[in-house]
Amino acid sequence: MEESFMQRNATCGQLRKEDEGKTVILNGWVHKNRNHGALHFINLRDRYGETQVVVEDDADKETQETASKLKMEYCVAVKGIVRKRPDNMINEDMETGEIEVKAEKIEILSECATLPFMIDDENSAREDLRLKYRFLDLRTTGMQKRIRLRHEIVKAIREFFYKTDFYEIETPTLVKSTPEGARDFLVPSRIYPGKFFALPQSPQLYKQILMVSGFDKYFQIARCYRDEDPRGDRQLEFTQLDIEMSFVKRDDVLLLIEDLFNYVFKNVVGVKIPAHFKRLTYQEAMDKYGTDKPDLRFDLLINDASQFASKSSFNAFTETLSAGGTVRYIVAPKTEGHEYTRKYLAELESAAKIYGAKGLAWMKVDEGKLSGGVSKYFAGLEEEVLSATGAKDGDVILLVAHENAKKCANSLAAVRNKLGADLHLIDENSFAFCWIIDFPLFEYNEDEGHWEAAHHMFSMPQVEYLDTLESDPGAVKGDLYDLVLNGYELASGSIRIHDIELQKRIFRICNFPDDVAQERFGFLLDAFKFGPPPHGGIAPGIDRLCMIIAKQQSIKEVIAFPKNTAALCPMDDCPSEVDQKQLDELGLAVVKKKD
């Protein structure tokens, strides 16, 4: 039986000068279309690349007429002969630029409506338009390359774990609703009216149960769901590399991940990264960088200003220090082509205020003296200030005072990050990994009036704090670790609790008494009655990793079908209403919110 269309025997990125003389069939989309009278040039594109097709005046009438009908993004089949281009016509920008295909026959497989935007290397259309016509946006060279990059990264991850004796095991996507820090997506049960499944925020409990089951090396490319406000590096649904191991301590997990990322970066990106990553304690990170996810691609450390600020006559500083608060500073360096104008200093202050700063004080260094801003309050202290800060001519000392040390640190971290970007201090081609360790295990929820887990409730406290868990939760450090890359939290993990009584103590501290804990987490506690091994794990985010490697600012650029910033999908209009029959089957009624 004759085929319904001319099926390709080569791709649009495959042909080279060695293929000269071959008769080929290409299938793809019209990327460019230039009619020069006797000559007709068509750039045909598929996922593999582009090939130039030439329709000459000796082509048969049908082929010439078909070529004249072609428009952008028509899907076509071309049969023709490969030939080398003349030396002066070689296109260095195309991988197939040494050849072209002389068309003998062209078949239109399907036509294309008027395009809402041009299909080019990168799409400059508005995001809402890109997402509405995502099937077209995905044809652009940029999106094609990034989706391929994502594939290569996941492929390399799987290769690594298959070589290191891990099992890839799937865990359920319809699970019991358990509190893990964000809202669950709930799925009503038709069979059991009034009862609900939840979509997993992570496979946390299931992978721990796999350890109890004896599968000591587990990994999964896991889909996770959290009903929270989306951000540039966060979506309602996301993908993480989920890892758990038995009979391990913290360093075993960290060394495994260092080996993993060395393998991925070498084999996918062709970049050599350090065999071992820098380690910072949580407190060191907060003190030096103001954040637990520091960007180490540039310096600019945050420092304590208390010693000289306490001697100033500036009430905002002295009163804050007297109340037990802190004053910290960062030195903004003199940079060629950049001036610290009043306008720019106001921009820095705005960045600081987003994170709770009441203001941003400043002093310039001019010919070895302090000038402007709050410098008048440091009369007689200039030598001490310059010696302590190391500030030089043209530098600006930026200071924040706050009763809350974390808000002070976070505010200066925002200033630091803005300076790094604005002063071009960041090497955009570098990858700076670091581990953050020794996190606080608990944080106090002021709104609800109780302690809660800083990460999650299944993390092991460090041994020296076991006797003081209940008496001083705020001082307890956990056996926790985060992996940070270029200022993004890339992975979070911990050594887990495997003692049932210790797990119950943690639940109680986090306001889950025994009966509530049994109701919510009974299946984990039941499993822990049957010889659980010591175990630990970590979960790097696939979306963020791809985003960073692709040098993008949003994970939407590395996800095929993302939601927009309003948590909607403009392409298929979800979420959407469902008909009454479906609601009736589930025993649900929709209650409209009152205005």
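Two residues are said to be in contact when heavy atoms of each lie within 4.5 Å. The structure described here is a predicted model, in which local features need pLDDT of at least 70 and side-chain atom pairs count only at pLDDT 80 or more, while totals for chains, interfaces and linings use all residues. Residues are numbered from 1 along each chain as its sequence is written, and side-chain values use heavy atoms, with hydrogens and water left out.

We may begin with the overall picture. The protein contains 16 helices and 22 strands; these are DSSP runs numbered from the N terminus, with helices (H or I) of at least four residues and strands (E) of at least two. Along its principal axes, the C-alpha trace spans about 90 × 75 × 55 Å. Of the 595 residues, 48% are buried, where buried stands for under 20% relative accessible area, exposed for over 50% and partly exposed for anything in between (1.4 Å probe, protein chains only). Among contacts with a separation of 6 or more, 67% are between residues 24 or more positions apart. The protein exposes about 30700 Å², and carbon and sulfur atoms supply 49% of that area; accessible areas come from the Shrake-Rupley method with a 1.4 Å probe, and for residues only the protein chains shown count as cover.

Next come the annotated positions. An unreviewed UniProt entry places the feature "binding site" at E180, R226, H455 and R496. UniProt positions are given in the numbering used here, feature names are shortened, and annotations may be inferred rather than shown by experiment. R226 lies in the loop between β9 (217-225) and β10 (237-246), and its relative accessibility of 25% makes this residue partly exposed. Beyond its neighbours within four places in sequence, R226 is in contact with A182, R183, F185, Q201, S202, L236 and F238. H455 sits in the loop between β19 (450-453) and β20 (480-485) and is partly exposed, with a relative accessible area of 24%. With neighbours within four places in sequence again left aside, H455 is in contact with F439, L480, D482 and S492.

R496 is found in the loop between β21 (488-495) and α13 (500-509). Residues up to four places away in sequence not counted, R496 touches Q204, K207, Q208, I243, E244, H456, F458, M460, H535, G536, G537 and I538. The side chain of R496 also makes a polar contact with the side chain of S494 (2.8 Å). Such a contact is a pair of N or O atoms within 3.5 Å; within protein, one must be able to donate a hydrogen and the other to accept it, and residues adjacent in sequence count only if both atoms are side-chain atoms.

Two helices show how burial is arranged around an axis. In α1 (residues 61-69), T63, T66 and A67 are buried. These residues cover an arc of only 100 degrees around the axis, which puts them on the same side of α1; the arc is that of the directions from the helix axis to the C-beta atoms. K61 and K69, on the other side of α1, are exposed. The cover over the buried residues of α1 includes β1 (23-36), β2 (39-46), β3 (49-55) and β5 (99-110).

In α7 (residues 282-289), the buried residues include Y282, A285, M286 and Y289. Their arc of only 105 degrees around the axis puts them on the same side of α7. Among the elements covering the buried residues of α7 are β11, α12 (405-422) and β17 (433-437). Just after α7, G290 takes a positive phi of about 80 degrees.

Aromatic residues complete the description. Rings of Phe, Tyr and Trp (its six-membered ring) pair if their centres lie within 6.5 Å; planes under 30 degrees apart count as stacked, over 60 as edge-to-face and the rest as tilted. By this rule there are 27 aromatic pairs. F512 and F521 have ring centres 6.0 Å apart and planes at 65 degrees, so the pair is edge-to-face. Both F512 and F521 are buried. Elsewhere, ring pairs link F261, F265, F277, F431, F433, W435 and Y481 into a cluster.
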